Amino acid sequence: MNKLFCLCVTALFLTIWNHSDAQRKTFVDVSGLNQEVKPGDNFFRYVNGRWYDTVKIANDQSGVGSYSFMNIPQKQLLQHILDSVSKTKNAMGSIEQKVGDFYASGMDLTTINHRGYEPIKGILERIDAINNKQALLRFVASELKSENTSIISFGIGPDNKNSSIDIAHVYQGGIGLPDRDYYFKTDSSTHSIQQAYKKYLKILFQLTGSSSDAATKNAAIVYGIELQIAAAHKTNIELRDVNANYHKTAIADLNKTQPNIGWAILLANLGATTDSIDMAQPAYYNKLNSLLASITIHDWKIYLKANTIENYAQTLGQLFIDASFAFNKALSGQATQKSRRQTMTENVDSYLGQALGQLYVKRYFNEDAKKRVLALVNNLQKAFENRINHLDWMSDSTKQKAIEKLYAIHKKIGYPDKWRNYDKVQINRTAYFENVLSLNQNDYQYQLAKLNKPVDRTEWGVTPATVTAYYDPSLNEIVFPAGILQYPYFDFAADDAINYGGIGMVIGHEMTHAFDDQGAQFDKDGNVKNWWTKEDYRKFREKTKQLANLYSSFTVLDTVHIKGQLTLGENTADNGGVAIAYDAFKLTPEGQSSDKIDGFTPDQRFFLSIARIWRVKTRDAFLQTYVNTNPHSPAIWRVNGPLMNFEPFYKAFNVQPGDKNYKSEDQRVRIW
């Protein structure tokens with residue numbers, strides 16, 4: 001959930017952690033409700049319409065509102081930390097020194113601009129020296145250890161069939177556009193993105209010394225290679241098939257079937273000692289094996305240069321940053337670049353996230369929030385168990401397995417119990433590029449050290465300040481970082497209807513991921529292993545097909561249809577999250593009462609809260625890219641989609657036949 005209030009930083013800080021009657025008298029924006037819209041016609045618009053029609057998206061952003069866009073004010077909190085520690089003399093090697101000096105090095109644009117592309121000249125010269133296929137693959141492996149990834153995408157993670165052990169995985173890669181379909185679609189929107197990308201490649205070559213004519217030719221070579229690579233890629237929908245994207249294979253066998261890659265030597269150059277790897281998408285590597293023979297070394301060198309410049313563009317001077325922004329603008333619609341402070345705050349959170357996270361938690365996090373949210377999680381587990389027990393399509397034997405998995409879910413709230421150590425990272429206040437390189441190399445070695453070792457189940461996949469939440473099927477865990485434990489998701493002063501409709505829905509959503517079309521294939525220990533009866537799984541698949549078809553009928557931007565198969569997991573979780581959170585809410589005293597607050601019943605406030613947490617507005621270009629590539633539905637359908645399937649919503653707002661989002665009983669899709 002795989003996850004903005006336009007308030008000043010001080011106000012946001014108070015909203016998150018301190019409460020008084022004077023600060024917020026109501027959690028429902030009654031005056032902001034659009035009374036011209038019937039709840040049964042479009043509940044998203046009923047709750048958020050007036051805000052949506054009047055709010056302005058900042059020129060340096062692609063959207064505004066809740067969820068991921070709440071990370072905008074979150075970054076302002078992090079900026080305060082960074083502005084402070086970067087101006088203070090800190091003990092060498094301390095997290096304050098590393099965080100502060102890395103931030104300062106990136107803020108020194110004068111030095112960065114003066115250096116131009118000098119930091120990568122040595123890498124480009126090494127590419128020039130490549131004279132055969134073996135040297136090419138040595139370069140690829142060497143650069144991968146600095147996370148300059150090109151044609152080989154290598155990582156370490158749990159084995160799908162034995163989730164207690166981390167193994168080596170390789171995935172499809174090698175392209176610069178968001179996914180393979182961007183190379184083959186012919187509509188005007190995609191064509192403009194293709195042209196923007198080709199222009200970007202040309203500019204990168206020009207910025208590193210090529211003439212205009214040579215840069216044009218080089219860009220065409222690169223795009224031509226990527227076009228061939230993309231043809232072997234799976235679509236983003238095909239990538240959701242768990243079993244079809246797992247192929248654990250002996251290195252000895254790969255050496256025979258893909259001799260041009262030479263896996264034994266490649267892995268040795270990567271420092272990876274293993275006798276097998278999971279090759280997630282074999283068709284890609286079969287194609288790469290062929291392309292290594294059919295494409296000339298000259299053209300591969302051009303490709304690797306483009307890849308290297310593109311990978312490092314954001315760490316070089318302003319001209320490279322401008323070129324990168326111009327291309328990405330075609331995907332996001334963002335009008336202007338973010339400030340350097342914003343960019344560097346994001347970079348510190350990305351590269352040194354758990355170091356910065358420690359400072360964030362000390363300054364802003366209320367420990368009592370962990371206890372309150374854990375209690376909510378436990379309540380939702382009980383409600384989910386009850387829903388499983390009352391399913392009319394599942395047998396008792398499968399219900400028992402489902403409940404065992406439900407209670408085996410590991411819960412992580414707030415921040416890690418064990419922080420990541422950055423002692424091996426050297427940060428120089430005056431050398432931004434070298435700092436990034438050091439951090440990349442450290443991260444590679446950190447990941448490599450896990451190879452063929454027991455999985456560390458204490459690790460977190462996000463930083464504490466991030467507004468998000470996620471479920472990991474291999475670990476059977478749900479994670480709620482400190483960043484999401486704030487209004488509109490959670491507030492100490494809020495009534496239960498608001499909190500259960502907020503963070504409760506998010507908790508239920510993440511729990512349901514354990515039982516969506518992908519999660520349902522993993523057992524309670526995180527292994528891909530069938531725990532269903534054949535008939536139960538057939539019924540489950542039929543229900544998920546109905547849900548995919550329903551969401552495929554939804555549109556945004558007038559005519560752009562949601563990809564029901566791509567978003568199936570998230571849509572299943574949204575529908576389940578609403579139902580589970582509601583059931584848990586009904587166990588509370590407020591849920592069982594009929595007392596109104598602000599003129600609304602407890603049930604109505606619960607649904608108003610659900611609509612409020614998805615209050616989001618984005619630019620059209622961003623939304624177009626989002627629908628093409630993101631497994632989540634757009635915000636409007638994260639509200640209207642689940643509610644049109646949920647009977648208590650109909651009762652709460654008197655939804656009747658003839659209302660635009662009304663569905664008859666036989667049309668409503670219910671899974672969990």
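**Salt bridges in the predicted model**

Glu-535 is partly exposed, with a relative accessible area of 38% (buried means under 20% relative accessible area, exposed over 50%, and partly exposed in between, computed with a 1.4 Å probe on protein chains only). The structure is a predicted model, in which local features need pLDDT of at least 70 and side-chain atom pairs count only at pLDDT 80 or more, while totals for chains, interfaces and linings use all residues. Residues are numbered from 1 along each chain as its sequence is written, and side-chain values use heavy atoms, with hydrogens and water left out.

The side chain of Glu-535 meets that of Arg-538 in a salt bridge, 2.6 Å from N to O (a salt bridge is a side-chain nitrogen of Lys or Arg within 4 Å of a carboxyl oxygen of Asp or Glu). Arg-538 is partly exposed at 47% relative accessibility. Both residues belong to helix 21 (residues 534–552), where they are three residues apart, about one turn of the helix (helices are DSSP runs of H or I, at least four residues, numbered from the N terminus). Elsewhere, salt bridges with shared partners join Glu-647, Glu-665, Arg-668 and Arg-670 into one network.

A salt bridge also links Lys-305 and Asp-128, with the closest N and O atoms 2.6 Å apart. Lys-305 lies in helix 13 (residues 297–312) and Asp-128 in helix 6 (residues 118–128), so the pair ties together parts that are 177 residues apart in sequence. Lys-305 is buried, at 19% relative accessible area, whereas Asp-128 is partly exposed, at 43%.

Glu-118 pairs with Arg-115 in a salt bridge, the closest N and O atoms being 2.9 Å apart. Glu-118 is partly exposed, at 38% relative accessibility. The count of salt bridges comes to 27.

How values were computed: Helices (H or I, at least four residues) and strands (E, at least two) are DSSP runs, numbered from the N terminus.
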